[in-house]
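Please walk through this protein with the sequence and the model side by side.

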Amino acid sequence: MNYLKKTLFNTLDFLGNTQSYFRDVLLMHGFMLFVLLPLLTGSTKFILARGDIPYLSYDNISEIVTGHPAVALLLVATLLFILLAVFFEFTFLLLSVYFIEKKEPVSLRQLLRMTFIQLRKVRLSVILFFIFYFLLVLPFGGLNFNSDLLSRVKIPAFIMDFIFANRLVIISGFLLFYLLMVYLGIRVIFALPEMILRDRPFKKAVKESWEATRRQFFAIVGRFLFIGGAVLTITALGFGIVIGLQTLVETFLPEQSLNTAVFAMTILQFFFLLNIVLSTVGIFAIIVDFMNDEGFLPEIPAWFYREPIRPQKYPRLKHSLLAVVALFFGIGVSIYNMNYLTDTSQKLPLTASHRGVSDNNGVQNSIPALKTTHNKYQPDYVEMDIQMTADHQFVVVHDFDLKKLTGQSLVPEKLTFAEVTALSAGENGKTAPIVGFDEYLSAAESLGQKLIVEIKTQKKEVARLCQEFLTKYQTRLAANGSLVQSLSFPVVETIKSQAPALQVGYILPFNIVGPPVTRADFLTMEYSTINRNFIQSAENDGKKVFVWTPNDEDDISRMMFYGVDGIITDSMKNLDTAIREHKENTTYSDKLLNFVIGIG
């Protein structure tokens, strides 16, 4: 009971200090978002451009290391700089919350000076700990530090889907790994604060954190749950109440609905800002409160830079300037909100069925699934996969190992065309033969169905593969408006250079530094790591953006809010529903809901 009472009071105290957190969090958030992130992205692109490297992804890392050592060295230096920037952000916010807890007023200049003092203490062992803590424990362990830099470290949704769609052993292993990360994250959670607030050396700080959390593991977890639950509840209730009231206005006072919608969107933006602030400082409040409760929160450190608090000069002038800035900011926000709410030109995405299947209605990449999906949903495109066999023919199959679909561990690229097409695939309670691309394309042409053809390759020579593909299919694909895409950058560049009339796309499994420098006409991105900045940059380069594979309506709505050009999905039903609802009757409250989903 005492534990629950103490946790409740800590949560109320945390929420009560909300106003005190705003200055430092918003300043740091704005600096990271509008200064540091564009600088890092721009410098990374500059480094790649100087090495004549068009993109950065998992498939060209070894080439960069072996063929461009100077570029690799600069990229490593950039990564180290990012780690230092995360440490700077962590230290700045920890000190801010610490002095709020101590009720010691500090100026921004004091905080910055003390943060730089701590930055000079960083050593190699500490950097290695940062890599472990910031890139492994926090993202995987769920101990949320809402950093604009760390927000780029995500587990792509397709990896999570693979884990939970496969064997129990993989799921169990991942869950055990996740729980281990949570455990380690809690046990070393005080190491950095110990180094910063108590000037402890690295090894001693880790040891003291390990000892301090020995019997307090579940107590700390409980505080995370209380704080996280409180923040989630406040923001969710705020969003729900505002959108609910707007719905009532549209029902009973429709003539006032636009004015109230502009005001409602402003309130939603405030709640979103509140969520950023509270979720950012939550981990620091938990750390400082726990250290204080357990009696090892230090007094004001000896290195604390005190400066006399001088009376403000020209207070009336400063207040007047602040009021003018606030007025112009409010006008700008209102104009943005008005434009968003009255804009009727939001583009509708092209629709594509992932591997020709929708809601488990057949076997992937099979002609029966193609026909069933086309007849029921009429998608703009059917996305499908081809591989070249050992005798230079093309078969319609996705996996490089056919064991999952056929029960036999066979590699299409090592088999002849006859050997592959003699096999049957089973999935979703149905079976269907594996077919050649000629037969599949003929079926699509008879239906009038356009395709997105993904060329998959492992060890085949790119020039030979592309030559065979273009000789056989270039004219037919261009005639019916089908698209071609690939995860292989050389395949994309070769196809586009030899067949300019074809619409060709490059598939990115995740977003690292924005759109690559490529001849491709469009980019296909895994949806969970995409953002509006990526889409805007791609549009500036004259490229369209497709995403794969959002399946539930919230994720689809968010992609529509971002303004993607096409959506590849496993659920045409949900995609069609989201598009139909948008076209038929999009109210102001619907747009507000889309705004909330979009910023989520």
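The model is predicted, so local features need pLDDT of at least 70, side-chain atom pairs count only at pLDDT 80 or more, and totals for chains, interfaces and linings use all residues. Numbering starts from 1 along each chain as its sequence is written, and side-chain values use heavy atoms, without hydrogens and water.

Start with helix 2 (residues 18-50) and helix 12 (residues 257-293). Their axes come within 9 Å and cross at roughly 95 degrees. That makes helix 2 roughly perpendicular to helix 12 (65 to 115 degrees counts as such). Helix 2 brings residues including Tyr21, Phe22 and His29 to the contact (heavy atoms within 4.5 Å). Helix 12 supplies, among them, Phe270, Leu274 and Val281. By class, the contact has twelve nonpolar, three polar and no charged residues.

Leu237, Ile241, Leu245, Leu248, Phe252 and Leu253 make a nonpolar patch of about 630 Å². Ile241 sits in helix 11 (residues 217-252).

Two backbone details remain. Asn360 is not a glycine, yet has a positive phi of about 60 degrees. Asn360 lies in the loop between strand 1 (350-354) and helix 14 (367-377). Further on, a cis peptide bond joins Trp548 and Thr549, with omega about -20 degrees. Thr549 is in the loop between strand 10 (544-548) and helix 21 (553-562).

Terms used: Patches are made of residues with over 30% relative accessible area and no salt bridge: like charges are joined within 9 Å, nonpolar side chains (Val, Leu, Ile, Met, Phe, Trp, Tyr) within 5 Å. Accessible areas come from the Shrake-Rupley method with a 1.4 Å probe; for residues, only the protein chains shown count as cover. A salt bridge is a side-chain nitrogen of Lys or Arg within 4 Å of a carboxyl oxygen of Asp or Glu. Helices (H or I, at least four residues) and strands (E, at least two) are DSSP runs, numbered from the N terminus. Axes are lines fitted to C-alpha atoms, for helices over the stretch in contact, and angles run from 0 to 180 degrees between N-to-C directions. Angles under 35 degrees count as roughly parallel, over 145 as roughly antiparallel, 65 to 115 as roughly perpendicular and the rest as oblique. Ala, Val, Leu, Ile, Met, Phe, Trp, Tyr, Cys and Pro count as nonpolar, Asp, Glu, Lys and Arg as charged, and the others, Gly among them, as polar.
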